[in-house]
Number of protein chains: 2
Amino acid sequence: MSRIEELAMAAGFEGEAVLVGSAARGTWLSGDHDLDVFIGVPEGSSLLPALEVARLVAPKFEERYAEHAYVHALFDGFEVDLVPCYMVEDASEIISAVDRTPFHSRYVSARITGLEDEVLLLKQFMKGIGVYGSELKVGGFSGYLAELLVIRYGSFVGVLEGASRWRPGEVIDLEGHLSRSHEDPMVVVDPVDPGRNVAAALTLDRMFTFAAASRLFLREPSLEFFFPLPASPLTDDELRERLAERRSTLILLEFAAPDLVEDVVFPQLRKAEQSIRALLERGGFSLLRSDADCHRGVAVPYGCQGEISPSEGGGVLRILLELEVAVLPRVERRFGPPAWEEDHAKKFVESHPDPLSGPYVEGGRLVVEVARRFLGAEDLLRSQVAGLSLGRHLGPSLRRGYNIYMGEEILEVKDPEFRIFIARYLSARQKVG
Amino acid sequence: MSRIEELAMAAGFEGEAVLVGSAARGTWLSGDHDLDVFIGVPEGSSLLPALEVARLVAPKFEERYAEHAYVHALFDGFEVDLVPCYMVEDASEIISAVDRTPFHSRYVSARITGLEDEVLLLKQFMKGIGVYGSELKVGGFSGYLAELLVIRYGSFVGVLEGASRWRPGEVIDLEGHLSRSHEDPMVVVDPVDPGRNVAAALTLDRMFTFAAASRLFLREPSLEFFFPLPASPLTDDELRERLAERRSTLILLEFAAPDLVEDVVFPQLRKAEQSIRALLERGGFSLLRSDADCHRGVAVPYGCQGEISPSEGGGVLRILLELEVAVLPRVERRFGPPAWEEDHAKKFVESHPDPLSGPYVEGGRLVVEVARRFLGAEDLLRSQVAGLSLGRHLGPSLRRGYNIYMGEEILEVKDPEFRIFIARYLSARQKVG
């Protein structure tokens, strides 16, 4: 940090190095993302010299981009983000979102002394039950949010007791300065920026997974909440057995992942998952559940269906869909306009000149029964998936090639990352009560 | 009628014979239910002497019961209902529903002269498109309602033009004396009894089948509206072909019909159909459509599954159910209480100690995935149908025995009445546009 300030001075600008985040206040959870050092420059100046200083100070680094460029560096085995930011007077005057971070750091540091272990317990508990992290993939609690909860409730157990009584729309306002209404499941007013909800990224389901796990822990405490048994990759026999006990129809779609960070890929992957769900539902198929993930580590037997291009380092994206049935009847009911809308009714009847049944009036609407276009979910998917809106980077990737596995064909996918993913999907067990 | 009045006088009471209904005013449609002769007695006296007179005057008769007893007699090949009623001063003071009929007769007679053919055209049109008759089985237009529509719109074509513009909640109030609000799809205020809706039995679907057929007829008039081609019984090959083009799952349930008139049996039959639909839907099966009917004429190969008792003259009741699929996956999602309802959540989780998947939180609710009890629709039906609420007479009848046919097994049912019924079901074509 002193080297940064020296380099800044040498470069002719006033740069202040600030250690922010959990490491700065003794609430850093082992295994978490490492150190954050912010390089503050005065308001009104350029961030570029600070970025240049970051490049100079780091022995080994790559540049990354969030709202603006920063340096991800490696010092003695620690990963350190070196982030240029503006030093503003008041958190409500920030220019970029990162400018707020030093304010958070200052607010928490002044209040957390003596409560560090409570924060660490809470973070590990949240991690163990799968609700820690505010990135879209998790939709859970950020580290800052966990710290504010400990400040609010006084201890780890205090937070759990408080969460046991949460209802949707819960508001926590430490400084009593709530300044606007929010639609979010939970509102934690940012003590340094009254208009901001610290819990904006928290989903209803993560909020209440935490609340229900808190209640269960208070009744029956156990170490497993903090350190759940890791899922093992399912063997062929185990997977076959799990499929047989469900007798649903699992469909796996896989295609090459673009070589981009998870924060960019994951929102697109969720969007693709939703587009495919909607396609299947429009086609008349009932979904039980679905999930999606990015598997990077292990070589995948690409091309086993001769269609997918080799990944260029990004790994593979997998979307798993679980349907009630694989094949629908040929006859399909199509609902038309209300029978009293003369022009629409006429057009609807004329546009179905030779239906299997009908037209008839039901519930006041015109109905015809016609032959369904795609009887099988796999046919529907193969025919339509490339035309869906799948996100900026995923669409082109999928159109270059994909594999579809249906039912027992899923056994062909041996990748341990997938076998862990599907083990978790099939169990879906949360410690709630 | 003079014989009735003589017999009444001889029995020592003042009885007035009144010819009511369509025959009295030249709007009687051939093939319809025949003559109605009402035997009016002064208010405050007993109906029993009038019933006794009816028994005496009829050469051949049986007694029937609606709101009270009447005589159904045969005179020279005509079926005549002889109905005791009270002669009240004003239609709003009636004691039994039949007392209103002479008022209807008088109101229409005074206004319909010269329009009889218009009424006959309208009634035959309604009959041809399947919306004539206010009994529950049809839910359509009564003869009296058809007459009021001709009075309102002036002619057959006038009624069709009027109906083309109908909207739900349409009100027709000939005497401008609407006295209360109704929830019905159409309100035709009874000119002789302002609180009564003549169209109370008309369903939304019959109302707009008529409206949409009216529009189509005005655009493309044809005799077929009045006299549709009768459906022929489907041959085995035709039925097999129709099943193959749908590839849905048809299930037929049949059991002995109690020997009661259709007006008593049919409401119970519809109730049974709805109970069975609800059972299947609770079991997770999606219904495409269903229908039910009573087939009386033809000997049915009872006992082909060794279960049904021979009918005692009432024929057979048949409920036809069309499902998307015959078999569901074993895994079933079960939705519990919101995760924030502590006591309910705890009970829900504890009552599913070993689910296939879960518990987890979705949409704020707790969810578990468990093994479905009945995977096949036929198993579900055989196991549960006898325990359903099926109506006073139908429940005991079904519990004495029933047959279930699924898919191609339906070909075993050769009864031409059934083969016409299923031909109509599969076509379901209405002349609408």
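A crossing of two helices is called left-handed if the near helix is turned anticlockwise from the far one by less than a right angle, and right-handed if clockwise. In this predicted model, local features need pLDDT of at least 70 and side-chain atom pairs count only at pLDDT 80 or more, whereas totals for chains, interfaces and linings use all residues. Residues are numbered from 1 along each chain as its sequence is written, and chains are lettered from A and ligands numbered from 1 in the order in which they are written.

In chain B, α3(B) passes α5(B) in a left-handed crossing; helices (H or I, at least four residues) and strands (E, at least two) are DSSP runs, numbered from the N terminus. Helix α3 (residues 101-112) of chain B packs against helix α5 (residues 143-153) of chain B at an angle of about 35°, and the axes are 11 Å apart. Here axes are lines fitted to C-alpha atoms, for helices over the stretch in contact, and angles run from 0 to 180 degrees between N-to-C directions. From α3(B), His104(B), Val108(B), Arg111(B) and Ile112(B) meet Tyr144(B), Glu147(B) and Ile151(B) of α5(B); two residues are in contact if their C-beta atoms, placed from the backbone, lie within 7 Å.

Chain A has 13 helices and 15 strands. Its C-alpha atoms fill a box of roughly 80 × 50 × 50 Å along the principal axes. Of the 433 residues of chain A, 42% count as buried, that is, with 20 or more other C-beta atoms, placed from the backbone, within 10 Å of their own. The domain assignment, automatic or from a database, divides chain A into domain 1 (2-110), domain 2 (114-225), domain 3 (236-327 + 375-427) and domain 4 (331-371). Between domain 2 and domain 4 of chain A, the C-alpha centres lie 52 Å apart.

The contact between the chains takes 45 residues from chain B and 45 residues from chain A. On the side of chain B that touches chain A, the elements giving two or more residues are α7 (204-219), α8 (236-246), β12 (331-338), α10 (342-350), β13 (357-362) and α13 (416-427) of chain B. The largest share, seven residues, comes from α7(B).

Chain B is superposed on chain A by a rotation of 180° with 0.0 Å of shift along its axis (RMSD 0.1 Å), by least squares on the C-alpha atoms of residues with pLDDT of at least 70 in both. The two copies are therefore related as by a two-fold rotation axis. In chain B, the C-alpha nearest the axis belongs to Val325(B), 4.1 Å from it. The same surface serves both copies, as 100% of the contact residues of chain B recur in chain A.

Terms used
Buried ≥ 20, exposed ≤ 12 C-beta atoms within 10 Å, placed from the backbone.
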